[in-house]
Each structure stands twice: as C-alpha cells, then as structure tokens.
Amino acid sequence: MTYHAGRHFLQIPGPTNVPDRVLRAMDMPTMDHRGPEFQAMAKRVLTGIRTIFQTDNPVIIYPASGTGAWEAALVNTLSQGDLVLMYETGHFASLWKKLAERLGLRTEFIEGDWRHGADAAAIGERLAKDGGHEIKAVCVVHNETSTGCVSPIDAVRKAIDAASHPALLMVDTISSLGSLDYRHDQWGVDVTVGGSQKGLMLPPGLSFNAVSDKAIAASKNASLPRSYWAWDEMLAMNESGFFPFTPATNLLYGLDAAIAMLHEEGLANVFARHQRHGAATRAAVEAWGLEVLCAEPAHHSGALTAVMMPGGKGADALRKAILERFDMSLGAGLSKLADKIFRIGHLGDFNDLTLIGTLGGVEMGLGAAGVTHRKGGVEAAMEVLVSASGSEARQAAE
C-alpha cells in the first residue's frame, strides 16, 4: 500500500472526520459503567444531547448505527399491521421503508424524483383522505444523504395539523443533526432519529431517539416485539445516569466533548457555517458547468452537495481518479444514482480552508479524469466565502 503524505481528505457525507479533541476524549481506559465517574459523565451527556436536538424531552442513546435508531422508533410506537406513510426522498428513505416492512408494518410511499425534499402539501392531502385514521405514523428524512435535499419538517408538521390527523411524526436527522437547524420540540416531532458519525463528529456507533410525550404514551400500547430497543427500561435507568445494558463508554466520552465543542462555537454559528459551505460548493459546481442534483433551491443542503455527471455516468471513474491522484474520498451515487453522481461532504469538523482544499481536489480531479468542465470553481467558492464572512463580521459588530 502506497503512503500518501499529509492527511487523507475524507469528504464523503459521513462518517466524517473526527477532530483530535474528540479522539483524545475517547482515549480513556476501560471504566466501570456502574460507577460514580461514569454516572456523572452520563448525566451530563444525557442532558447535553437534548440541546442539540433542541428538546426538553428525553433523548435515548443506543450503541448502534442509525439503522438501529430507525428500528427503535418504529417498534416502540407501532403494532403489527399498522400503516405508515413515508416519502421517497432517496436511498435512505427507501431503506427505512424496507426496514418497516420487515417488521410487519404496512407502508405507503409517496413517490419522489430524488431531486426534491418531501412535499408537505402531498402529505397533508393524503392524511386528509384518511378519515378513519388508519395511518399511524408519518416518516420523513430531514436531510437525504443520497441526494443532498432537505425536507421542510416544520411544513410537514403544519400539514399534519391542518388535516387534524393524530399520526405520529418521525424524522431521520442522521446527516443533519449538529449541522443543519433542527427543532424537535418547536416543529412538533414525536420521534427524531439521529446518529453519531456525521454532524456530531464521532465515529459510527451511537444512535439516538429523541421522544415526545405523545410518543412515550404510544409506546405503552404498541405491541411490536422489542427488548434491546425498549424505551421504558432505558428511560428508567437514564434518570439515575445509567443504562440497562453495557453502554459504549468511550464513545460517550467523545460525545461529551463533541457537545461541548458545538456549544462553544454556538449552534447558530454551526448552522450558518454549514449553509455558507453549501452555498460556496454550489457556486463552484455552477462555475464548472455541472449541475447540482437537488433541483429546488429551498431544499439545498448545507451538509453535502450531490453533483450530476455530464453525460449521465462516469462518477465512479472520477472518484477513483481523485482518490488515487489526490488521496481524497468523495461519496458515491447510491442505488438508482450509482455512477451518475458524486457527493461532496462538507459537514462536521470542517472549515473554509478545508472546503477550498476539497474543491481544489475536485477541480484537479475533473481535469485528470477528462471530464468536460470549465475552470474557476474554486475561485467562485472563494468569492462566496469571503462575501459571507464579511457579512457575518458586520453582523457581529452591530
């Protein structure tokens, strides 16, 4: 294996780069997860993580990937044969649907084109026709990682309310939590699903369910089998700072550091940073003469940008050239988008200079791979960054 000087540029949309401060926090000896030292840290983390979801309600933490949190959200609130309304925003919405069906739930998919976020009006129209309230939950992906499209969760909540429908609202924030503005309480979400390996700047291995009072009430009557994923035992043990099974102790120490870092920067600044990087990346794509996959500007993501290949294919060859020549990993197109797009991750522990390096690698890679494009993408991104930084500085001074 050939050694490459310097750090590898991991610019996939998750897992993201883990900052040194988080790595150092995780570098701890194995400890007693029933002892007072762990208890103090766990209480701090269980309280702190609520602020990232912007909720006053409990957040349940599992040693699992985001897929586990998907399952936990469903099995704690629903019963065999319940109907779930889902929206096809992309690959991960499709996977959540498949998981629901394997659990014995019935699903209804509102079809999408993978270039837009969820249509709140379409969800509202379907619920308005459900006079018997057969639909028990609405599941939406906030930031679809496969496409770079964001769904308007506040609008979905308003659509549910306008239809006077009692369905639970469940939202996947795996690639938006800690990167994009998300408000569990204010937007009336019942279960928010999260993961550790993206905006929270941790390795994979922790997943989350933020739960509303309505969701907790539903869990008392839900009949899908659950043991490991059961909320009741977790909530009871978490009150004293412990878990009903062995937790991921070292990852929780990393989470403690990550929460502190997000608060030190300020969540509003974190969200503004990601929006700035998304805008700069899209400016680069436009300057190259390429097209962003997300077709609705209001749905553009600050966490990642999916770029369509001219001619409709060849993305994998481009990614291979960039990896081999410049030691940078970009995200692949998934399922129906395979080889048609590449994805630039700009989330997590990521700053303006990292973005310029990333876009420089893409621009050099386009040339190395013989992809038809115009030059000047990096310069276009720099103009956005300089303009945005100046605007932010003026606002801070006022």
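How many of the 7 residues of strand β5 are buried? The legends below start with that strand, in a predicted model.

**Figure 1. Strand β5 is largely enclosed by the rest of the structure.** This strand covers residues 135–141. Of its 7 residues, 6 are buried, so the rest of the structure largely encloses β5. Buried here means under 20% relative accessible area.

**Figure 2. Strand β5 pairs with β3 and with β8.** Strand β3 spans residues 83–87. β3 and β5 pair in the parallel sense, over 4 bridges. Strand β8 spans residues 168–172. The pairing of β5 with β8 is also in the parallel sense, and it runs over 5 bridges.

**Figure 3. An open sheet is built from 7 strands.** Their order is β2-β10-β9-β8-β5-β3-β4. The pairing is mixed. Two strands form the edges: β2 (59–63) and β4 (106–110). Each of these edge strands pairs on one side only. From one strand to the next, the twist averages 20°.

**Figure 4. Helices α3 and α9 meet the sheet.** Helix α3 takes in residues 66–75. It lies across β2, β5, β8, β9 (191–195) and β10 (206–211). Relative to β9, α3 runs at about 165°. Helix α9 takes in residues 249–265 and packs on the sheet. There, α9 touches β2 and β10. The direction of α9 makes about 65° with that of β10.

**Figure 5. Helices α11 and α12 cross at roughly 115°.** Helix α11 covers residues 315–326, and helix α12 covers residues 352–368. Their axes come within 9 Å. Angles of 65 to 115 degrees count as roughly perpendicular. α11 and α12 are therefore roughly perpendicular to each other. Their crossing is right-handed.

**Figure 6. Side by side, the residues where α11 meets α12.** From α11 come Leu318, Ile322, Arg325 and Phe326. In α12 they meet Gly361, Val362, Met364, Gly365, Leu366 and Ala368. Sorted by class, this contact holds 7 nonpolar, 2 polar and 1 charged residues.

How values were computed: Residues numbered from 1 in each chain as written. Predicted model: local features only at pLDDT ≥ 70, side-chain atom pairs only at ≥ 80, totals over all residues. Heavy atoms only, no water. Buried < 20%, exposed > 50% of the residue type's maximum accessible area, 1.4 Å probe, protein only. Pairing = 2+ DSSP bridges. Axes fitted to C-alpha atoms, helices over the stretch in contact; angles between N-to-C directions. Parallel < 35°, antiparallel > 145°, perpendicular 65-115°, else oblique. Left-handed = near helix turned anticlockwise from the far one by under 90°. Contact = heavy atoms within 4.5 Å. Nonpolar A, V, L, I, M, F, W, Y, C, P; charged D, E, K, R; others polar.
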